[in-house]
Every structure is written in C-alpha cells, then in structure tokens.
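The questions below go through one structure, element by element. Please keep the sequence and the model in view while reading.

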Amino acid sequence: MTPADLSHALSDLVAALVERRRAAGAELELSVTPEQIVLERPKLREHGDWASSVALRIAKPLGANPREVATELAAGLAELDGVASAEVAGPGFINIRLDAAAAGALAKTIVDAGTDYGRGTSQAGRVINMEFVSANPTGPLHIGHTRWAALGDSISRVLRAAGAEVANEYYINDAGNQMDNFGASVLAAAKGEPTPEGGYPGQYIADLAKVVLEREPKLGELDDATALHTAREIAYEHQLAEIQASLDRFNVHFDVWTSERRLHQKDEHGVSAIDAALERLRAQGHVYEADDAIWVKTTDFGDDKDRVFCRSNGVPTYFAADAAYYLDKGDRGFEHKMYLLGADHHGYVHRLKAVAGAAGEDPERDIEILIGQLVSVNGARLSKRAGNIIELDDLQAWLGTDALRYTLARYPADSPIAIDPEVLKRRTNDNPVFYVQYAHARTAAVARNAAASGVDRSEFAPELLEHETESALLGALQEFPRVVAQAAELREPHRVARYLEELAGLYHRWYDNCRVLPLGEEPVGALHRTRLWLNDASGQVLRNGLDLLGVSAPERM
C-alpha cells in the first residue's frame with residue numbers, strides 16, 4: 001500500500017463520515033481530496049509507518065472534537081486490507097502501521113516502474129521556460145556560472161519529473177559595447193598590442209587571437225573596421241563553442257540558445273523584435289516620451305524608477321532587449337518564465353516583473369525569479385587563462401563533475417556555499433556524494449553476487465520483509481515520489497540530495513543486517529529472492545534520484 005493509496009482511502013473515509021453527519025441532520029459542505037491529505041513519516045518508527053493530521057483539519061467544520069473524528073477515521077482505516085493498525089495520538093493525530101505484506105509490496109512496484117518511479121503529475125499542464133547561466137560570450141564560464149548550471153539543470157529535471165514541460169534556455173548577450181570591447185581586445189592581441197582601455201585581459205584572449213589568425217592569416221591587411229569585425233566574430237564563435245562544450249562536459253544541456261542580436265535584426269518590413277515590443281507596450285498604455293527618450297512606466301508595477309526604452313539617439317537600451325526577450329518567450333508558447341540570477345542581479349527582479357505587468361501579464365503568476373548566493377572553493381586557484389576567475393573547466397578537472405554537481409545542488413539557492421575540496425576528494429562516508437554513490441554501487445554488487453549464487457527474482461513474498469531495517473528502508477522508498485513533487489513545487493532540488501543521503505544510510509544498515517545471499521550450504525529460499533527485490537528497488541530509487549541531480553550512479557567503486 002502506497003502513500004497515494006492511503007490518501008485516497010482517507011479521502012473516502014472523510015466523505016463517508018460527512019455523509020453520516022448529513023444523514024443525522026447536519027448541514028455540511030465539506031470535501032477533502034486525496035491531494036489535500038498530507039501523510040508524514042513519524043519521527044519515531046515505533047509510532048508507525050505514516051501519520052495524518054486530517055482529523056485536526058476537518059474537526060472545526062464538522063463541529064466535532066478532533067480526537068472523536070480521529071477515532072472514527074482510525075476505525076475505518078484499521079479495517080482496510082494492508083493496514084495492521086491505526087491509532088489516535090495526541091490531540092487528534094492518526095498513526096498508521098502497515099502490515100509487512102502491504103509495505104513490502106512496494107519493492108516490486110518500484111522495480112516494475114523502473115525509471116518512472118518517483119515521477120508524478122503535480123506540475124502537469126505547466127509549460128515553463130527556464131533561463132539560467134546566460135554568461136556573456138566574452139570569456140570562459142566561472143564558479144558562479146557553475147553553481148547556476150548545476151542548480152538550474154536540477155530544478156529543470158525535478159520539474160519535468162513532476163509532469164511539467166520545461167525548456168532550458170541560454171540567452172547569449174552578443175550585442176552592444178561589450179562585444180566591441182571583446183573584439184578590440186582580441187584584435188589588439190593578434191597585433192601584439194596592449195589590451196585597450198575597457199578591454200578584456202587574460203591568456204584566453206591571446207589564445208583566441210591565435211585562433212583568429214589561423215582562420216584569417218591576412219588580418220593585418222584588412223582595414224580597421226573589417227579587422228575588428230573579423231576578430232570579434234571569429235573569437236565570439238570560438239568562445240561560444242567553448243562555453244557549450246564546458247556545459248556539455250558538466251552534463252548540462254540547453255534546449256534553446258537565443259541570440260540577443262536576433263532581437264535587434266530587422267525583418268523584411270524593417271521592424272525588429274525590439275520595435276514590435278515597444279508598440280505592444282505602447283498599446284498597453286505604459287509608454288511615454290520625455291527628454292527626447294522613450295520610457296516605459298514600470299513604476300506602475302513596483303519598479304523603483306521608470307525605465308528608458310530608447311535613448312535620445314534612438315539606440316535601444318538593455319531594458320529594451322530584456323522586454324523584447326520576455327515577450328518573445330511568450331510568443332513561443334511559454335506561459336511561465338523562470339529566471340535564475342546571481343546575487344549581483346538582484347536589481348533585475350522588479351525590472352523583469354514590471355515588464356511582465358506592462359505587457360499585460362500577471363507578474364506574480366507568469367514570471368518567477370530565483371536569486372542565488374555566492375559559492376567559494378577553499379584552495380581553488382584563479383584561472384591561468386583568465387587571470388581573475390575560477391573556471392568551470394578547472395574545477396571540473398580538479399574535483400570531478402559528480403562531486404561538483406551534487407554539492408552545488410545540495411544547498412538551497414539562497415544559501416552561500418563554501419566547498420571543501422579535501423572532503424569531496426575523500427572516498428569515505430563523510431563525503432556525501434561518495435556515500436550515496438557507494439550505496440548504489442553496493443546494490444549493484446549485491447545483484448551481481450546474487451546472480452552468481454543462483455538468487456533471482458522468480459519469487460516475491462513481501463510478507464517476509466519483517467526486519468526492522470526492512471520496514472525503515474521501505475518507508476523511505478515510499479517517500480521518494482513525495483520528495484520529488486515537493487522539490488519541484490518549491491524549486492529545491494537539495495531536498496532530493498538530502499533524501500538520497502538518508503536512503504543510503506538506511507540501505508547500508510539493512511545491508512549489514514539482512515542477507516540476500518544464502519550462507520554456506522543454505523538453499524536459496526523465498527526470503528533471499530524477496531530481499532533481492534528490495535535490494536534492486538533501492539538501487540533503482542538511488543539511480544532515479546541521482547539522475548535528477550545530473551549525477552552518475554556507478555555500479556563499481
């Protein structure tokens with residue numbers, strides 16, 4: 001019996017209780033859906049497998065004492081197949097204990113479901129655009145981008161597991177003065193000249209200059225404007241490809257790469273996406289002109305000041321591109337737009353919400369902005385190529401993708417992180433990612449040894465899973481779908497990581513107490529085969545959970 005089964009049973013019992021009250025003359029308009037019934041794991045295992053506070057919630061509308069309501073519901077639960085007992089505790093809590101067969105049946109359910117176990121529909125029907133990383137293509141990815149890459153991709157994965165349709169999007173800031181400064185820096189390096197004022201320093205600029213000269217050996221013979229354009233475009237193409245390759249190695253994949261330049265390009269009618277955005281905002285009544293510039297009255301939607309859309313010289317601002325980009329996402333069918341931004345972009349929150357409001361959308365419903373805090377790595381060296389940053393590629397080579405991704409997704413976005421590389425490089429239980437991966441490798445080793453010993457899954461007797469460590473392990477396995485749904489709802493994949501650590505601990509304890517393989521000349525029996533189901537179910541959930549974090553599940557360590 002799963003938590004979902006219990007929630008449905010409690011919902012039916014509440015409905016029956018209400019009907020009995022109505023039959024007795026009470027005028028009631030009360031209904032409780034299964035989704036509204038929250039089941040929790042008791043802190044102490046001796047209190048049962050699950051606890052519900054539904055009686056406390058419905059007692060007041062019923063005009064009854066909570067313990068009286070709980071007693072009535074507990075009596076109904078105790079009669080259900082698979083429920084060993086249902087007892088009332090405290091002011092009206094119901095503690096529910098499943099019989100061994102009902103609890104153990106979950107092992108087969110998980111194995112049969114495979115990669116689908118844990119997936120649900122709590123976010124079904126949501127079409128979400130998730131923009132994250134979006135680093136300027138003027139240099140390599142650094143440690144701040146690394147955190148958002150890990151966290152953003154994990155949030156996307158849990159949302160998809162909960163039924164949402166999600167597109168990961170990378171916005172390429174490839175327009176404006178920064179690109180010209182980038183191109184000028186590369187051109188200067190190609191000519192052997194110093195970095196220009198406002199330019200980009202670092203060995204990577206010299207490396208890009210070599211790429212440019214390989215592609216265009218006659219760069220020095222071109223006029224200044226053509227040389228700048230050539231250096232900028234070749235370097236930009238190469239740097240963007242490096243960013244994409246870094247993210248691929250980090251197991252982060254984007255469905256859409258959107259160029260800012262596209263928003264500035266004119267169509268056959270001479271109209272750009274930015275021009276079209278201005279007219280749409282004007283039609284909503286939020287555009288005005290002052291000081292020879294075009295403004296959007298974003299203060300109507302909580303911004304601290306109105307924003308300039310077009311300067312007096314007719315050049316659109318960054319805000320104009322942001323507005324056009326937001327509208328473009330909606331035009332592509334995304335109802336909900338999520339932005340993952342660093343702490344230094346806190347000022348964008350009101351600005352982006354104001355764009356949503358000015359566009360006629362609901363800023364509280366249609367746009368969501370997550371602000372992340374800084375991450376530091378003890379002992380990390382600044383990049384030799386970039387000079388003043390810690391590069392993703394260097395971190396990956398030093399600590400490994402799995403350790404980085406797991407650690408960065410293990411904490412809430414708004415929590416600063418200080419990573420201790422010495423811990424992450426240890427193959428010991430105080431290294432969380434090793435602890436979880438080792439548990440999975442152990443399930444794989446048990447399965448291999450079982451096959452060699454003639455233990456298979458040809459028999460399943462869940463009533464035999466009576467050991468206290470089996471009860472605890474099954475209870476945790478039942479929790480996985482709820483953890484995934486909650487992680488998706490709250491945008492907190494760290495809940496999956498913490499759950500996996502708890503599950504790994506319970507699996508290790510079960511492994512120490514319950515044998516899958518027969519001892520000596522002991523014949524293979526139903527208990528061995530049934531425990532193999534539980535072992536394989538544990539491995540499946542560990543794999544599913546690690547996949548939600550973009551972390552591998554090794555079979556040998």
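Q: Which helices are included in what covers the buried residues of H7?
A: Helices (H or I, at least four residues) and strands (E, at least two) are DSSP runs, numbered from the N terminus. Buried means under 20% relative accessible area, exposed over 50% and partly exposed in between, with a 1.4 Å probe on protein chains only. The cover is judged by contact, that is, heavy atoms within 4.5 Å. It includes helix H6 (177–191) and helix H8 (224–249).

Q: What pLDDT do local features need in this predicted model?
A: Residues are numbered from 1 along each chain as its sequence is written, and side-chain values use heavy atoms, with hydrogens and water left out. In this predicted model, totals for chains, interfaces and linings use all residues, side-chain atom pairs count only at pLDDT 80 or more, and local features need pLDDT of at least 70.

Q: What arc around the axis do the buried residues of H7 cover?
A: The buried residues of H7 are Tyr204, Ile205, Leu208, Ala209, Val211 and Val212. They lie on the same side of H7 because the arc, taken from the directions from the helix axis to the C-beta atoms, is only 160°.

Q: Which exposed residues sit on the face of H7 turned away from its buried side?
A: An α-helix has 3.6 residues a turn, so residues three or four places apart point the same way. The face of H7 away from the buried side carries Lys210 and Glu214.

Q: Is Leu213 buried, exposed or partly exposed?
A: Leu213 belongs to H7 (residues 203–215). Leaving aside residues up to four places away in sequence, Leu213 touches Ala190 and Leu219. Its relative accessibility is 33%, so Leu213 counts as partly exposed.

Q: What is the average twist from one strand to the next in the sheet?
A: Three strands make an open sheet in the order E8-E9-E10, with antiparallel pairing (two strands pair if DSSP finds at least two bridges). Strand E8 (287–290) and strand E10 (307–310) are the edges, each pairing on one side only. From one strand to the next, the twist averages 45°.

Q: What angle does the direction of helix H11 make with that of E10?
A: Axes are lines fitted to C-alpha atoms, for helices over the stretch in contact, and angles run from 0 to 180 degrees between N-to-C directions. H11 (residues 318–331) packs on the sheet and touches E9 and E10, and its angle with E10 is about 85°.

Q: Which residue in E9 is the bridge partner of Tyr288?
A: E8 and strand E9 (residues 293–296) pair in the antiparallel sense over four bridges. Among the partners, Val287 goes with Val296, and Tyr288 goes with Trp295.

Q: How far apart are the ring centres of Tyr288 and Trp295?
A: Rings of Phe, Tyr and Trp (its six-membered ring) pair if their centres lie within 6.5 Å; planes under 30 degrees apart count as stacked, over 60 as edge-to-face and the rest as tilted. The structure holds 14 aromatic pairs. The planes of Tyr288 and Trp295 stand at 10°, so this pair is stacked, with a centre separation of 6.2 Å.
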